[in-house]
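Let's take a walk through a protein fold together. Have the model open beside you and turn it as you read.

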Amino acid sequence: MHGIEFIPLSPDCTAPGSFDCALALGCFDGFHRAHRMITSSAAELARRLSAAGDVLLPGAFCFSEPPAAFFGKDVPIITDTAEKCRLFAEAGLAFALVADFSAVREMPPADFMRGLLYGDCRCRAAACGFNFTFGKNAEGTPRDLESFFGADRVSVCAPLLSDGETVSSSRIRRLIAEGDIPQANDLLGHPFSVCGTVRHGRGDGKKLGFPTINQLPADGALRPAAGVYVSAVKLPGSDALLPAVTDAGVAPTMDMTGIFRYETHLLDAVDVLLYGESPRVFLYKRLRGEMKFAGPSALVAQISRDSAAAREYLRENGIK
């Protein structure tokens with residue numbers, strides 16, 4: 001189906017192509033508050049039309065990477081597909097269709113609507129943002145969707161403003177890259193997270209009394225500004241959040257390789273072996289920038305202060 005992966009998010013969802021649907025259309029990188037308006041509109045279209053006898057399931061049609069990345073632009077990914085789908089499910093969508101942009105970028109807009117959306121995806125209604133474009137040379141517009149599906153079956157969401165500026169993925173990328181996690185999280189409507197397979201580290205943390213979960217960022221993933229962050233860890237197969245503190249950077253005191261990584265210390269002892277697993281680490285606030293210390297004792301003293309500050313922040317903000 002033109003390089004499209006079908007991901008069921010609800011037990012009500014059967015095999016692709018076996019049901020009609022209302023689709024939220026977009027890239028949805030970050031799945032921020034403006035994106036949630038679009039998915040809510042798609043869900044409302046599905047409810048309204050289903051009540052009228054045209055039974056539709058709500059879903060999302062998105063891309064595995066921001067389309068701008070295919071045109072030579074540096075567009076690091078805020079939200080990987082697994083997290084994006086978790087957020088879609090949380091928003092009430094029944095499934096996601098994740099497309100390879102390179103497989104559909106040359107399709108004329110008419111073919112994208114009739115052959116791909118209406119035919120392959122069985123889309124009968126759609127929601128999108130005011131600036132959504134599609135098809136070859138980005139010639140397709142929301143007005144084309146209204147002409148094809150009918151104005152009563154298309155919802156076009158206006159821009160969402162925060163502090164006089166549009167809520168957008170590019171704005172959120174900038175904030176995260178600057179280390180302003182609280183403002184980024186406010187625009188996202190959920191905490192920014194990082195993920196990666198747990199690998200064996202140098203063992204320095206354990207020797208110093210602060211064992212860490214060591215992860216490398218995925219290729220193409222957005223990296224926050226180097227520093228120490230208040231964080232919480234979601235272990236695979238669990239919904240519980242474990243309080244933590246995370247060092248994002250190159251660990252200049254103990255390591256000379258210059259490799260960017262995440263080293264996360266769980267504030268409460270947890271007897272679990274995570275090598276080869278991919279726990280998700282949610283970031284809440286940057287406590288400080290990355291520093292090089294004179295020696296291990298100075299580093300230990302600072303980690304103790306960071307841990308206490310992280311625990312206090314999580315307690316004050318009710319994050320458990």
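Which residue does Ala-244 stand opposite in β14? Ala-244 stands opposite Leu-266. We'll come back to that pair once you know the surroundings.

A bit of background comes before the tour. What you see is a predicted model, where local features need pLDDT of at least 70 and side-chain atom pairs count only at pLDDT 80 or more, while totals for chains, interfaces and linings use all residues. Residues are numbered from 1 along each chain as its sequence is written, and side-chain values use heavy atoms, with hydrogens and water left out.

Now zoom out. The protein holds 9 helices and 15 strands; these are DSSP runs numbered from the N terminus, with helices being H or I of at least four residues and strands being E of at least two. Along the principal axes, the C-alpha atoms fill a box of roughly 70 × 40 × 35 Å. For 320 residues, a compact globule would have a radius of gyration near 20 Å, and the protein's 22 Å agrees with that. (That radius is taken over C-alpha atoms, and the globule rule is 2.2 Å times the number of residues to the power 0.38.)

What about inside and outside? Buried residues make up 49% of the 320, where buried means under 20% relative accessible area, exposed means over 50%, and partly exposed is in between, using a 1.4 Å probe and protein chains only. The protein exposes about 14700 Å², and carbon and sulfur atoms supply 52% of that; such areas come from the Shrake-Rupley method with a 1.4 Å probe, and for residues only the protein chains shown count as cover. Of the contacts with a separation of 6 or more, 73% are between residues 24 or more positions apart, a contact being heavy atoms within 4.5 Å.

Next, find strand β4, residues 95-99. Why can we call β4 largely enclosed by the rest of the structure? Because 5 of its 5 residues are buried. Phe-95, Leu-97 and Ala-99 point one way from the strand, Ala-96 and Val-98 point the other way, and all are buried.

Who are the partners of β4? In general, strands of a sheet pair through backbone hydrogen bonds, either parallel or antiparallel. Here, two strands count as paired if DSSP finds at least two bridges between them. Strand β1 (residues 4-8) runs antiparallel to β4, joined by 5 bridges, and Ile-7 has Ala-96 as its bridge partner there. Strand β3 (residues 57-63) pairs with β4 in the parallel sense, over 5 bridges, with Phe-61 opposite Leu-97.

Let's move on to another sheet. This open sheet has 7 strands in the order β9-β15-β12-β13-β14-β11-β10, with antiparallel pairing. Its edge strands are β9 (193-195) and β10 (198-199), each pairing on one side only.

Look at β12 (residues 227-234) and β13 (residues 241-249), which run antiparallel and are joined by 8 bridges. Ser-231 has Ala-244 as its bridge partner in β13, while Val-233 has Leu-242. Between these two strands the hairpin has 6 residues, and Gly-237 in the hairpin takes a positive phi near 80°. On to the next neighbour: β13 and β14 (residues 261-266) also run antiparallel, with 6 bridges. That brings us back to the opening pair, Ala-244 and Leu-266.

Finally, a few single residues are worth a visit. Phe-31 sits in the loop between β2 (21-25) and α1 (33-51). Its phi is near 45°, a positive value in a residue other than glycine, and Phe-31 is buried, with a relative accessible area of 0%.

The loop between β5 (123-129) and α5 (142-149) is where you'll find Gly-140, and Asn-137 lies in the loop between β5 and α5 as well. Is Asn-137 buried or exposed? Asn-137 is exposed, with a relative accessible area of 60%, and has a positive phi of about 60° although it is not a glycine. Gly-140 is buried, at 0%. Not counting residues up to four places away in sequence, Gly-140 touches Pro-109, Phe-132, Thr-133 and Phe-134. The C-alpha atoms of Gly-140 and Phe-112, 28 residues apart along the chain, are separated by 8.8 Å.
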